[in-house]
Amino acid sequence: MRVEGRHIKIAGDLLAHYDLHARRLPWRAPPGSNAADPYRVWLSEVMLQQTTVAAVIPYFRKFTERWPTVEALATADDADLMAAWAGLGYYARARNLLACARVVAAEHGGAFPSTEAGLRALPGIGDYTAAAVAAIAFGRRAVVVDANVERVVARLFAIETPMPAARPEIRAAADRVTPDSRAGDFAQAMMDLGATICTPRNPACGICPLRPDCAAFRTADPAAFPVRLAKKPRPHRLGHGWWIERADGHVWLVRRPARGLLGGMRALPSSDWNAAPEAAPPLSAKWTTITDPVAHVFTHFSLSLTVHVAHLPLDITPPGDGEWWPLDQIAEAGLPTLFRRAAEVAMKENQLNA
């Protein structure tokens, strides 16, 4: 689609602002350079899904130090990768990350396809990531719409259709303002605008380069866009987790099933997450129940995990597959946030009872 008239002005004003105010991020090339590394762009985009820039930066640096190329990442051990990912959440992304790296290394000679269609054919890459990599890493004209861009465009055009039904309309409007050149810079400029100026609450309209063209600004209530319907209450579930500590300072950890929530991650033994207030422990022992459950919120439900603690002599091992992990190295086990917090309360309980 050719950008015309007012839309050319919008793109030009935003790019001029980006040239002066672009955020410096470890996966970015400077404005106008067209030199972004496809591997680093792809890795950052996968990490940034449902995660903030501030949270991603330290993970990105550690990943690129340990696995500096897609070929290096392709050789990573599954367990090592999942442990390195712990804390970023949405663990299916980590499994797809490794699958994609292996396909790029084995079938594409370590070079990412440069087109949206070629990128979409890779494991775990959907429409958004394909567009982002094609635009930012390869300079292709692609319409890149993440949550920040949705918000900017919905306000720029005062789109009144409620989310998520508004997404096709928002994408069509984003297409109208995406320029034929510097599409990668434009995509990143839109992301920056949404992250730093056109924020969900209290947007800083006074310093926005697009204010003269913003229809939502003229309504005097730009924060009302995108329009959202009232959310349904998030279901609440109960679960039980068992902290099994051996006399020599090791704790029993299991590996969660590869498919499903927190798939492939090390964890404490636990019940299913619809359990009744009581649940059978994995073995007979003298159990101490910690009074306050660990509260955690997943995308589609909240959870209260009751933690139970037992201490075993050296000659008893719980049933099933698992491993004894040194307590003084528990931070290196790569426990996801829920079980890391459960470990913290269990160890605190031990200190109180020492």
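Biologist: Is C214 buried or exposed?

Modeller: C214 counts as buried, with 11% relative accessibility, where buried means under 20% relative accessible area, exposed over 50% and partly exposed in between, for a 1.4 Å probe and protein chains only. Please keep in mind that this is a predicted model, in which local features need pLDDT of at least 70 and side-chain atom pairs count only at pLDDT 80 or more, while totals for chains, interfaces and linings use all residues. Residues are numbered from 1 along each chain as its sequence is written, and side-chain values use heavy atoms, with hydrogens and water left out.

Biologist: Changing topic, which residues have the most contacts inside the largest nonpolar core?

Modeller: They are W42, L73, W85, L97, F112, W273 and F339, in a core of 109 residues; such a core is a set of buried Ala, Val, Leu, Ile, Met, Phe, Trp, Tyr and Cys residues joined through side-chain atoms within 4.5 Å. Helix 8 (residues 127-138) gives the most to this core, with 8 residues, and helices here are DSSP runs of H or I with at least four residues, strands are runs of E with at least two, and both are numbered from the N terminus. A second, separate core has 7 residues, among them W252, V254, L283 and L312.

Biologist: What does W85 touch?

Modeller: Leaving out residues up to four places away in sequence, W85 touches V46, M47, Y59, F63, Y90, Y91, R93, A94 and L97, with contact meaning heavy atoms within 4.5 Å.

Biologist: How many residues of helix 2 are buried?

Modeller: In helix 2 (residues 38-48), 10 of the 11 residues are buried, so this helix is largely enclosed by the rest of the structure. Those buried residues, including W42 and V46, pack against helix 3 (53-66), helix 4 (70-74), helix 5 (78-85), helix 6 (92-107), helix 8 and helix 11.

Biologist: Where do helix 8 and helix 11 meet?

Modeller: Y128, A135 and I136 in helix 8 meet A183, G184, Q188 and M191 in helix 11. The axes of helix 8 and helix 11 (residues 183-196) come within 7 Å and cross at roughly 125°.

Biologist: Now the strands: what does strand 1 pair with?

Modeller: Strand 1 (residues 236-246), in which 8 of the 11 residues are buried, is joined by 11 bridges to strand 6 (residues 302-312), running parallel, and by 2 bridges to strand 2 (residues 250-255), running antiparallel; strands count as paired if DSSP finds at least two bridges between them. G239 has L305 as its bridge partner in strand 6, whereas E245 stands opposite V251 in strand 2.

Biologist: And which residues does L312 touch?

Modeller: L312, found in strand 6, is buried with a relative accessible area of 6%, and it touches I244, E245, R246, A247, L283, A285, P318 and W324, not counting residues up to four places away in sequence.

Key. Axes fitted to C-alpha atoms, helices over the stretch in contact; angles between N-to-C directions.
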